[in-house]
Structures are given as structure tokens and as C-alpha cells.
Amino acid sequence: MATVTFKDATRIFPNSERPAVDHLNLDVHDGEFLVLVGPSGCGKTTSLRMIAGLENVDEGAILIDGKDVGNLAPRDRDIAMVFQNYALYPHMNVAQNMGFALRMAKVPKAEIVERVRAAAKILDIVDYLGRKPRELSGGQRQRVAMGRAIVREPRVFLMDEPLSNLDAKLRVATRAEIAALQHKLGVTTIYVTHDQVEAMTMGDRVAVIKDGLLQQCDTPHALYEDPVNAFVAGFIGSPSMNLLEGTIEARGVRLGSTVIPVADGLPKAGGEAVTVGLRPESLALTTAGNGIPVIVTIVEELGAEAFVHAQLATEADTIVKAENNVIARVEPRAAPAKGELIHLRVAHGSILFFDAASGDRIPSRS
């Protein structure tokens, strides 16, 4: 096992206007499962490849167990990487694929057989050791790629969106298996995904990246409850947080035609614009004349819950502003109809405020 440290690590691709990874500072603890998450092109895969030695570090450094690995070849870094497309050799069977790196390292044949079989047993693919990759399903290929990493017994696992090629149901089942396997092996693991649900359910900590810059790194619970800016607030959570244009008034914050009382203190002086953050579960149906009036546009019924998509409105059934969309989680039995004017009550203490210009979180002040 090992620690991994990004120290002002920067990667600038030729002819690029900005760094793909921009002065990244991040400490990955020994035995930790850390997830890098962010939209496509944010720099998360580049960060992973910098650890592996597949991308240069143009500024700063990457350390494994406190040692700068910038001058080490990929094979000398004692890491194992699971790629998005699995990168299995089609002419080799499962056992040969899993043991390939060990053969290249001149490990004795008997030890290779023993380690391959032990990994296959952990992953429940013993019966497939004689098969070629083309004879396997996507989930089975993913397990083979995992097994190839496990047999090497590396200090660090690197995983680049290994579940992206699986169907939704298998992806849910496999992410639980990977998390349990990592916990069992105790190997430091850095996992890249664009799926924030995957990140939240798997990682001990999650690092959110945007445009090559680290936004926040914390536990899944802390990211959800205490985001540092509007980007993290809107990215983490499914459905995402409602981010609405508001104006501070003496009695509270105005959203459209409604003023919402804020009991725990307003963040700014009256008349100033803010971005108001509301989680879907902090909104509940209430009676006419109370709460925020909205017009329902879509209702997603998911069995145990329903999500109401709506737009801020006036009491006269007029939409305030087309981009002011709101999502609320409601009981499916109480779900309203499309086009209906409803009212949403805001749970006490659930409002978050962000600077309208920078997006930074603004603490409430009493």
C-alpha cells in the first residue's frame, strides 16, 4: 500500500490555451478509495495518467510514498491500471491475460498460476480462465481486467471509468463489488468517473474537478451537505440541487414573485443578487397561497418517489422566467399533473447561498 501526493501537478498539452490539469494539490491516504469526478474534459483522466507515467508532469510533482516518481518509467512505479476499454489481448485466454505482466517480470510459472487462480477465485471467474475475451460478456471482461491488476499486487490501483461500457443494472451491481473488493484488499485506489452517483456510492472521499482545477475534496456526505461553491452543489446529487436567481430583502430572499423567510440569517444586505440553492428533498407540496408558486412541466414517477419538474410562476399562472426551473421530490401518490399550478414549501434551514458572480458559497450571517 502507499500514499499518493499531487504537489502543484500541472499538465499542459501542446497548442492548448489552458492546462488540462492546473496546479493540482491532493493527498491520497494509504489504503484509501479516492474518486476523481467531474464533467468530460475536466482533467480527471489526465490526472490519473500522470500518476501512471503515461502523461508528463510539466510543473510540480507526483509522489508515491513521498518519493517523486517523475523520472520513473511506468513499469517502475508499482501501479496497476484498469482502462475504460479493458485493453485485453484478444489472442490470449483469460489466464494468459491476467498473468501477462507477471510473465514479463520473469515471475516463476508456478507462482503465476497460483496468483492468477487466487485472483480469479476472488472475482468468481475461475470457470472462464480458458476462454478468450470475445467469449465473455462486458461484465466478465471487466472482472478479467480487474484480475490482471490484482495479480500484480501493486501499491496503487488506478481505474479509468471501468464501468462505463456496462449496462445500467450491471453497473450498479459491479460498483458495489469493486468497493467491497478494494476494502478487502486494502490497496490505495484512485478511481475516475464522470458519474457522480458512482462517485458518491464508492469513494471514501471524492475530489470534484472542473476545467483542470480541484474544486473540493471531501467525504460524499460533506460534499452533499456543505458544498464550497455552486458548481459542486449542482454537480453532486441526483437530481441536482436547484440553483435559482434570488434577491435579498429585509424579510428573506425573493424567488420570482415570492419572498422566502430566512430564520438563520441573511448572507448579504437587502437588494443584492444571490444564487439560492435548494435540494429537491427540501421542497414539499403545500396549500395555495403558501410557499413558492410553480407550474408543473414534467412529472417523473419512479415508484417509491416522484420528481416534479416545474418553473417559477406568479399566482396568475404566469411563468416568471423560462430558465428558472425547479425540481422537487414528492410522494408518488400526491404527484400533481402536468400544467398544474402548485405551491412548494421550503424546509427550515435548508437554503444555501452562493455569490451570483463567482459562485462561491456565502455563509449566512445572523
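Analyst: Contact here means heavy atoms within 4.5 Å. Keep in mind that this is a predicted model.

User: Which residues in α4 do V94, N97, M98 and L102 in α2 meet?

Analyst: Helix α2 spans residues 94-104, and its buried residues include V94, N97, M98 and L102. What covers the buried residues of α2 includes α4, residues 138-151. In α4, the partners of V94, N97, M98 and L102 are V144, G147, R148 and V151.

User: Are α2 and α4 roughly parallel or roughly antiparallel?

Analyst: Two packed helices are described by the angle between their axes and the distance between the axes. The axes of α2 and α4 lie 8 Å apart, at an angle of about 30°. Angles under 35 degrees count as roughly parallel. So α2 and α4 are roughly parallel.

User: How is α3 oriented to α4?

Analyst: The axes of α3 and α4 are 9 Å apart, and their angle is about 135°. That angle makes α3 oblique to α4.

User: How many nonpolar residues has the contact of α3 with α4?

Analyst: From α3 come R115, V116, A119 and L123, which meet R143, M146, G147, I150 and V151 in α4. By class, this contact has two charged residues, one polar and six nonpolar.

User: Which backbone nitrogen does a side-chain oxygen of N93 reach at the start of α2?

Analyst: Look at the start of α2.

Technical notes: Residues numbered from 1 in each chain as written. Predicted model: local features only at pLDDT ≥ 70, side-chain atom pairs only at ≥ 80, totals over all residues. Heavy atoms only, no water. Buried < 20%, exposed > 50% of the residue type's maximum accessible area, 1.4 Å probe, protein only. Helix = DSSP H or I, 4+ residues; strand = E, 2+ residues; numbered from the N terminus. Polar contact = N/O pair within 3.5 Å; in protein donor to acceptor, adjacent residues only side chain to side chain. Axes fitted to C-alpha atoms, helices over the stretch in contact; angles between N-to-C directions. Parallel < 35°, antiparallel > 145°, perpendicular 65-115°, else oblique. Nonpolar A, V, L, I, M, F, W, Y, C, P; charged D, E, K, R; others polar.
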